[in-house]
Amino acid sequence: MITLGIEGTAHTLGVGVVDSEKKVLSNVLDMYRPPEGGLHPREAANHHADVVADIITRSVKEAGITLNDVDLISFSMGPGLGPCLRVAATAARSLSCRLGIPIIGVNHCIAHIEIGNATTGCTDPVLLYASGGNTQIIAYSDKRYRIFGETQDVGIGNMLDKLGRELGLGFYAGPTIEKLAKGGDRLLDLPYSVKGMDISFSGIMTAALALKDRGERLEDIAMSVQETAFGMLTEVTERAMAHVGKDEVLLGGGVAQNMRLREMVDTMAKERGAKMYCPDRRFCMDNGAMIAWLGNIMYNSGVRMSIEDTEVRQRFRTDEVSVTWR
Ligand code: ATP
Ligand code: FE2
């Protein structure tokens, strides 16, 4: 069975094609980068509308198939920015109607987990999902992916991006902060806020900006932000692993591309006799292949949707989905 998946929750419009044997036939994406400032949902949606037809065509071509070979359409139904979600959903609905094939709307966060399971070989991990808009520690228990801990304010990537903007590092600052942090040699004091199993990042940002005003070096600020924020993530992930008794940890989301975060989680995992798994970069970031893959396994487990069921859901929570495929 061939599934075409369309991702469009935030800045990335991606289209991927997979088969039922976990083979990714193509994974094409185009990321919207605002000319200045942060991401405006309407502008990102306009970008998606401009590129979606072309990305579908390219993805199908790269997969070495034609649209008529596609058996199932899936798309990211949420969580995400309303205008962006609606572009992906509209494209998916029209393809489903035109080709006369079924459609499945999927939860974006669960897609990160399942593509990680499929491509890294882990089977029952605790997922540390660290992206721009989302920061959650998720694990499977009793027919649901349950959220064991999460950010109480912004996602970690949004914090890094916002901080980067204020520090003049440009948009999508995660990679720049990672590079700067390598030159840091003084750990500066920043609020380490773990509340039970939840975490909060906005205090770090405010404090980091104050450090800049005090004349601290950008390299030291970047390193201290990473050490503090990633330390919080690693601590909560470890506690979730101990609580649910799992010995695999999977990373997902754009921030999981950060080598320092990987190193910290890897050290934690090794110290407790567990193993860390990290998907290839192109599956960490938002992408269409993961949406296609989750659509495929949901469909094969018996899930069916009509066009009426495909309304987008901006606040679609991971634990709302009944996991029928495990
Ligand atoms: P979601 O819709 O799942 O919330 P998203 O739309 O923000 O995610 P992703 O591609 O998952 O998209 O993640 C993008 C985020 O990852 C950005 O905030 C970016 O700064 C951050 N990021 C990318 N590379 C790195 C890195 N090397 N270190 C830290 N952060 C990074
Ligand atoms: Fe994501």
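Guide: Before we start, a strand here is a DSSP run of E that spans at least two residues, and strands are numbered from the N terminus. By that rule T12 belongs to strand 2, which runs over residues 12-19. Bear in mind that this is a predicted model.

T12 has a relative accessible area of 2%, so it counts as buried. Its side chain makes a polar contact with the side chain of H11, at 2.9 Å. Leaving aside residues up to four places away in sequence, T12 touches E7, L29, D30, M31, H48 and D286. Hold on to D286, as that name takes us to the metal.

The iron ion (ligand 2) is coordinated by D286 through OD, together with H108 (NE2), H112 (NE2) and Y129 (OH), at 2.1 to 2.7 Å. Along the chain, these donors follow the spacing H-x3-H-x16-Y-x156-D.

A polar atom of the D286 side chain lies 2.8 Å from an oxygen atom of ligand 1. On the nitrogen side, an N or O atom in the side chain of E178 is 2.7 Å from a nitrogen atom of ligand 1. Taken alone, ligand 1 exposes 640 Å², and the protein buries 97% of that. Helix 3 (108-120), helix 4 (156-166) and helix 5 (174-181) are the elements that give two or more residues to the shell around ligand 1. There are 25 residues around ligand 1, and Y129, S131, G133, D161 and E178 come nearest. So what kind of residues make up that shell? By class, eight are nonpolar, 14 polar and three charged.

Now back to the strands. S26 is in strand 3, residues 24-31. With a relative accessible area of 3%, S26 is buried. The S26 side chain makes a polar contact with the side chain of S59, at 2.8 Å. Besides S59, the residues touched by S26 include V15, G16 and V17, as well as A289.

One last stop is S96, in helix 2 (residues 82-99). S96 counts as buried at 7% relative accessibility. Setting aside residues up to four places away in sequence, S96 touches I73, I101, P102, I103 and I307. S96 and I307 are 211 residues apart along the chain, with their C-alpha atoms separated by 8.8 Å.

Notes
Residues numbered from 1 in each chain as written. Chains lettered and ligands numbered in written order. Predicted model: local features only at pLDDT ≥ 70, side-chain atom pairs only at ≥ 80, totals over all residues. Heavy atoms only, no water. Helix = DSSP H or I, 4+ residues; strand = E, 2+ residues; numbered from the N terminus. Buried < 20%, exposed > 50% of the residue type's maximum accessible area, 1.4 Å probe, protein only. Polar contact = N/O pair within 3.5 Å; in protein donor to acceptor, adjacent residues only side chain to side chain. Contact = heavy atoms within 4.5 Å. Donors = N, O, S within 2.8 Å, 3.2 Å for Na, K, Ca; no water. Near = heavy atom within 4 Å. Areas by Shrake-Rupley, 256 points an atom, 1.4 Å probe, with all protein chains shown as cover. Nonpolar A, V, L, I, M, F, W, Y, C, P; charged D, E, K, R; others polar.
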